[in-house]
Amino acid sequence: MLRPDARDRIDTLLVHGGRHPTEFGGVVNTPVVRASTVLYPDLEAYEASRPTKFGALRYGRYGTQTAFALAEALAALDGGEGAVLYPSGLAAIAGVLRALLRPGDHMLMVDTVYEPARKFCTEALSRDGISTTFYDPALTDGIESLIRPETRVAYCESPGSLTFEVQDIPRIGEVCRRYGIPVVVDNTWATPYFFKPLRHGADIAIQAATKYVVGHSDAMLGVAVARAEHLDLLRASAAEHGVLAGPDECWLGLRGLRSLGARLRQHEASTRIVVEALRRHAAVRSILYPACETNPSHALWRRDFEGASGLFGIELATRDPAAVRAFVNALRLFGIGSSWGGYESLILPAKPVRTASTPGVSGALVRIHVGLEDPQDLLADLELGFERSGMLGP
Ligand SMILES: *Cc1c(COP(=O)(O)O)cnc(C)c1O
C-alpha cells in the first residue's frame, strides 16, 4: 500500500520512498539496524546469500535495512536504477571517479568544481596516472574539442561552487553520449527536488547528502544515483574498497528526507526575499544566484530547474579584506563554518580557484546559506553587519 509508483510526484516520493512498515511490525519509520554479523540458519542459506550481496542483508559492510531504505528512496527521487551510499559527499565523488577511471585515462572536469574534488583530481588521481582537463562551465558543444581517445568521464557541477554558473547538462550529455563518455553531475545545490540530472542527459547524479538531505548539520553522507549500465560498477567498487554509510547516518538521512521538500521551499522563499533586498544594496555589487533575473545563468536555470535552494554568493562593492572580516564577524544569526544545507544560516568569505576560466567578479566574495529563520531577521542582521563593517562609509 505504501509502495510508491511511477506516477507519484516528488513530494509524495519524499514521504513514502523507501518505507516498508510491514517489515518492522508496522512502525512508520525504518529503524536503525546496526549489524556486523548476520546469522543464517544453516550453511546452505549462508552460501545462497552471496549472489545477492547488494540490497539484501548479508553482512554489515554491505549495509542493513536502514541503508537499503535510504538508497531506495534516493534512487526513486532521481529516477535512477539504484543508489550507492558513501560516508561523505567527497567519498561519493572519489568513489565514482575511482570506479570509472583507470591509469592512463583522462577526465573532463568543470572549473567551478567543489575545491576538495579538484584536489582529488590534481593530487590523488594524478599520482595514479589519471589526467584531468578543467573546462569553462559556460562550455556547451565546445566540450567536444577537449575529448581525447582516452577520455572516460565528463564531470559537471551545476551550479558551480562559489560562483553558481549553471551548466548546459543536456547539451554536454548529447555530445558525450556520441563518444560513450558517462556524464557525472554533482547536484548537491539543487537536490533532485529542483533538478534531476538523469532526466537531463547525465548518467550518474552525486549529492553531498550531508547538506540538504540530512538537513540538520549533524551527519556526513554521500550518494550516487546511477543508470542501470553504471550501477553494478559503482556497487562493486564501493564493496571492493569496503566503503559504506553507517546505519545511524542513513537513519538521519531518511529523517531529513521526509521534510526535504518543505524545507527547500522555505529556503527558496526566504532566499528570494534576502536576495531581492540585497540586490539594490549599496554595499553589494552583484548577487551570484541563478534564480535572479539578471544572472547570466538565469535562462538555463529557468529551462532546466524547478527551483532554487538557499545558497548564493554576494560580490561586495569593497575589496577590503578587513571590511569583509568585520562584516562577517559582526553577524549574529549567520554561523561561520564549513558546509551548508542545514536549517540554519551560514556565511563565509569565498575565494574561487580557477585554472580554465575567470570568476567574473572583482569585489570580495562571500557565500551565504539562508536557513529557516525569519528572512526579515536575517536582513536586519546583514544590515547591521554592513553598518558595523564600515562598508557604507562613516
Ligand atoms: C559539501 C560539498 C561536497 C562534499 O560533501 P561532504 O559531505 O562535506 O564530503 C561535495 N560537493 C559539493 C558541491 C559540496 O558543496
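Start at the ligand and colour the shell by class: 6 residues are nonpolar, 4 polar and 3 charged. Here Ala, Val, Leu, Ile, Met, Phe, Trp, Tyr, Cys and Pro count as nonpolar, Asp, Glu, Lys and Arg as charged, and the others, Gly among them, as polar. The model is predicted: local features need pLDDT of at least 70, side-chain atom pairs count only at pLDDT 80 or more, and totals for chains, interfaces and linings use all residues. Residues are numbered from 1 along each chain as its sequence is written, and side-chain values use heavy atoms, with hydrogens and water left out.

Next select Gly 89, Leu 90, Asp 186, Thr 210 and Lys 211, which come nearest of the 13 residues around the ligand (a heavy atom within 4 Å counts as near). Helix α4 (residues 89-100) gives the largest share of the shell, 3 residues; helices are DSSP runs of H or I, at least four residues long.

Now show the distances to ligand atoms.

- Gly 89: a backbone N or O atom lies 2.8 Å from a ligand oxygen.
- Asp 186: a side-chain N or O atom is 2.6 Å from a ligand nitrogen.
- Lys 211: a polar side-chain atom lies 2.6 Å from a ligand oxygen.

The protein buries 92% of the 380 Å² that the ligand exposes when taken alone (Shrake-Rupley method, 1.4 Å probe).

Finally, move to helix α13 (residues 375-389) and select Pro 375, Leu 378, Leu 379, Asp 381, Leu 382, Gly 385, Phe 386 and Ser 389, its buried residues (under 20% relative accessible area, 1.4 Å probe, protein chains only). Look down the axis: these residues fall within an arc of 160°, so they line one face of α13. The arc is taken from the directions from the helix axis to the C-beta atoms.

Terms used. A polar contact is a pair of N or O atoms within 3.5 Å; within protein, one must be able to donate a hydrogen and the other to accept it, and residues adjacent in sequence count only if both atoms are side-chain atoms. Helices (H or I, at least four residues) and strands (E, at least two) are DSSP runs, numbered from the N terminus. Buried means under 20% relative accessible area, exposed over 50%, partly exposed in between (1.4 Å probe, protein chains only).
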